[in-house]
Amino acid sequence: MTDVEAGLRRLDARGVANTRPRRPRSARARAWRVVMTVLLALLLAVEVLPVLWLVVQSFKRSSEFTLHPVWALPQGLYLHNWSVAWTTGHIQTYFRNSVLAVFPSLFLMVTLGLAAAFGLEVMKWRGRNAMLLVFLGGILIPLQMVLLPLFTVYFHAHLINSLWSLIITYTAFGLPLTIFLMTGYFRTVPREILEAATLDGAGIYTTFVRIALPMVSNAILTVALVQFFFFWNDLLLSLTFISDDGKRTIQTGLLNFTGQYGQIDWGPTFAAVSMTVLPTLLLYLVLNQRVMRGLTSGGVKG
């Protein structure tokens, strides 16, 4: 028998196997599938409809909020609300301040957290388990408990009304969770690969940057995104350390914006809230697949 004939027979056998009738699902399985579909549809409606309603309201004129029901669609796309929120409401300033406070904090937190997690999990040295417990203790410290001491320190260091007060605090409070999560992810990296790199002459820094980090790239993105949501949506720290309107972040600026315009014109207010919500939502939609892979990569030994 030639190789071609053998291949054709295997294809025929596979085709016959694929054409076998499937066993019909039981009534219980069909009912369970319907129930799960309904529950998922309800969950999707609860999550998505408020966001859609928020964006739709931002395109209404002032008269539409009083003459029509709240669920009515706008008569047209009134983009002037977005222009007013972005310029007159100073949302562009608040947005820039949030970017300048959040992204340097993420860079410092991820850099320091990765180095610490690698040293605590991969490198062997005396006292590393005790040091890991010290870092994990930082997760147990309530943020509200240290606000007054931090305010006193920043006041004497002339950091009040400075974005550095937010950058330092974000980095410090994000490190314990980052170290805890990345320690678990580094535990899944096969030690044979790291040992082989060492035998090939790679130093500790080369092994860390070129071998270990690419293997946990999805985990790094996951941790950074989780911390990004916390930093971006922070209200307590910004409200405590920043009182200058020109230094406010997006959340405290939005609170101030609502106080100025909320009772006069709801259109710009809805537009300002939409500008706050949509960037984080779009960022998650773009990166959600890698985030899901990062969440599951720490649960299986590589």
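Aromatic pairs come first: this predicted model holds 13 of them, a pair being two rings of Phe, Tyr or Trp (its six-membered ring) with centres within 6.5 Å. One of them joins Trp53 and Phe270, with 5.4 Å from centre to centre and 90° between the planes, which puts the pair in the edge-to-face class (planes over 60 degrees apart; under 30 is stacked and the rest tilted). Trp53 sits in helix H2 (residues 27-57) and Phe270 in helix H14 (residues 266-297), so this pair ties together parts that are 217 residues apart in sequence. Trp53 is partly exposed at 36% relative accessibility, while Phe270, at 14%, is buried; buried means under 20% relative accessible area, exposed over 50% and partly exposed in between, with a 1.4 Å probe and protein chains only. Elsewhere, Trp86, Phe95, Phe103, Phe228, Phe229 and Trp232 make up one aromatic cluster.

A word on bookkeeping. Residues are numbered from 1 along each chain as its sequence is written, and side-chain values rest on heavy atoms, with hydrogens and water left out. As this is a predicted model, local features need pLDDT of at least 70 and side-chain atom pairs count only at pLDDT 80 or more, whereas totals for chains, interfaces and linings use all residues.

The protein chain has 14 helices and 0 strands, these being DSSP runs numbered from the N terminus (helices H or I, at least four residues; strands E, at least two). Of its 302 residues, 35% count as buried.

Leaving aside residues up to four places away in sequence, Leu166 touches Ala101, Ser105, Leu237, Ser238, Phe241, Ile242 and Thr249.

Finally, helix H9 (residues 191-199) packs against H10 at about 160°, with the axes 11 Å apart; axes are lines fitted to C-alpha atoms over the stretch in contact, and angles run from 0 to 180 degrees between N-to-C directions. H9 contributes Ile193, Leu194, Ala197 and Thr198 to the contact, and H10 contributes Thr207, Ile211, Ala212 and Met215.

Terms used
Contact means heavy atoms within 4.5 Å.
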